[in-house]
Amino acid sequence: NSPLGACPECEGFGSVIGIDERLVVPDSTLSVYDGAVVCWRGEKLGQWRTEFCRRAAAWDFPIFEPYHKLTPAQRGLLWHGAEQAPGSREVCVDAFFDMLRREQYKIQNRVMLARYRGKTVCPVCGGARLRPGAQYVKVGGRSIGELVRLPVSELRRFFDTLELPEADARVAERLLVEIR
């Protein structure tokens with residue numbers, strides 16, 4: 001439990017204050033076309049939704065599909081854009097909030113940013129709380145970040161069935177003796 005292995009972005013907490021997906025898309029049964037992205041509503045801000053929908057066919061994005069049925073890749077396109085989809089980075093959720101940050105001198109933009117801000121999963125470590133290099137260390141083929149996200153019952157099963165090479169098993173046994 002050393003701070004040296006902690007993610008530099010979230011400092012080992014696994015979450016940061018950022019744009020909260022549940023606040024931006026509170027009703028996941030709606031499609032993008034039907035207004036799932038609530039910050040893209042209204043006459044002026046609705047232009048973002050209109051422009052995204054206009055370009056969506058070129059990106060093979062299903063604008064009529066409910067948000068909860070979108071694949072991770074489709075959600076990624078909506079939120080972050082994609083390099084392989086020209087113009088997608090110009091009209092995605094991230095671009096919208098980047099625009100608000102650039103224009104924070106306007107009070108309505110500061111209010112809008114505050115309205116959608118909340119605890120989110122760290123974008124660097126994905127909630128694993130570790131710096132990328134620490135994720136390369138594996139036990140039984142899994143990193144500690146993967147192990148801490150497992151339900152306790154699965155974690156117990158993992159360790160009950162874990163088979164270590166003999167040299168590693170001796171080291172683990174010595175550590176267990178020291179801990180006890």
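This is a predicted model: local features need pLDDT of at least 70, side-chain atom pairs count only at pLDDT 80 or more; totals for chains, interfaces and linings use all residues.

Visitor: Is aspartate 20 buried or exposed?

Guide: Buried means under 20% relative accessible area, exposed over 50%, and partly exposed in between (1.4 Å probe, protein chains only). Aspartate 20 counts as buried because its relative accessibility is 8%. You'll find aspartate 20 in the loop between E1 and H1. Leaving out residues up to four places away in sequence, aspartate 20 touches Tyr116, Gly118, Lys119 and Thr120; contact here means heavy atoms within 4.5 Å.

Visitor: What radius of gyration does the protein chain have?

Guide: The radius of gyration is taken over C-alpha atoms, and the globule rule is 2.2 Å times the number of residues to the power 0.38. The protein chain has 22 Å, whereas a compact globule of 180 residues would be near 16 Å. Along the principal axes, the C-alpha atoms fill a box of roughly 65 × 35 × 30 Å. Of the 180 residues, 35% count as buried.

Visitor: Which residues of the largest nonpolar core touch the most other members?

Guide: A nonpolar core is a set of buried Ala, Val, Leu, Ile, Met, Phe, Trp, Tyr and Cys residues joined through side-chain atoms within 4.5 Å. The largest one has 34 residues, and Val24, Cys39, Trp40, Phe61, Leu78, Phe96 and Phe97 touch the most other members. Helices H2 (46–59), H3 (72–80), H4 (93–102) and H5 (107–115) each bring at least two residues to this core. H4 gives the largest share, 6 residues. There's also a second, separate core of 5 residues, with Cys7, Cys10, Val16 and Cys125 among them.

Visitor: And which residues of H3 are buried?

Guide: In H3, Gly76, Leu77, Leu78 and Trp79 are buried. Their cover includes strand E1 (15–19), helix H1 (21–24), H2 and H4. Just after H3, glycine 81 takes a positive phi of about 75°.

Visitor: How many aromatic pairs does the structure hold?

Guide: Rings of Phe, Tyr and Trp (its six-membered ring) pair if their centres lie within 6.5 Å; planes under 30 degrees apart count as stacked, over 60 as edge-to-face and the rest as tilted. The structure holds 9 such pairs. Take tyrosine 33 and phenylalanine 64: their ring centres are 4.8 Å apart and their planes at 55°, so the pair is tilted. This pair links distant parts of the chain, 31 residues apart. Phenylalanine 96 and phenylalanine 97 have ring centres 5.1 Å apart and planes at 80°, so they make an edge-to-face pair. Both phenylalanine 96 and phenylalanine 97 are buried.

Visitor: How many disulfides does a search of the whole structure find?

Guide: A disulfide is a covalent bond between the sulfur atoms of two cysteines. The cut-off is a pair of cysteine sulfur atoms within 2.5 Å, and a search of the whole structure finds 0. For cysteine 39, the nearest cysteine sulfur is that of cysteine 92, 11 Å away. Cysteine 39 counts as buried, at 1% relative accessibility. The sulfur of cysteine 53 lies 13 Å from the closest cysteine sulfur, in cysteine 39, so that is too far for a bond.

Notes:
Residues are numbered from 1 along each chain as its sequence is written. Side-chain values use heavy atoms; hydrogens and water are left out. Helices (H or I, at least four residues) and strands (E, at least two) are DSSP runs, numbered from the N terminus.
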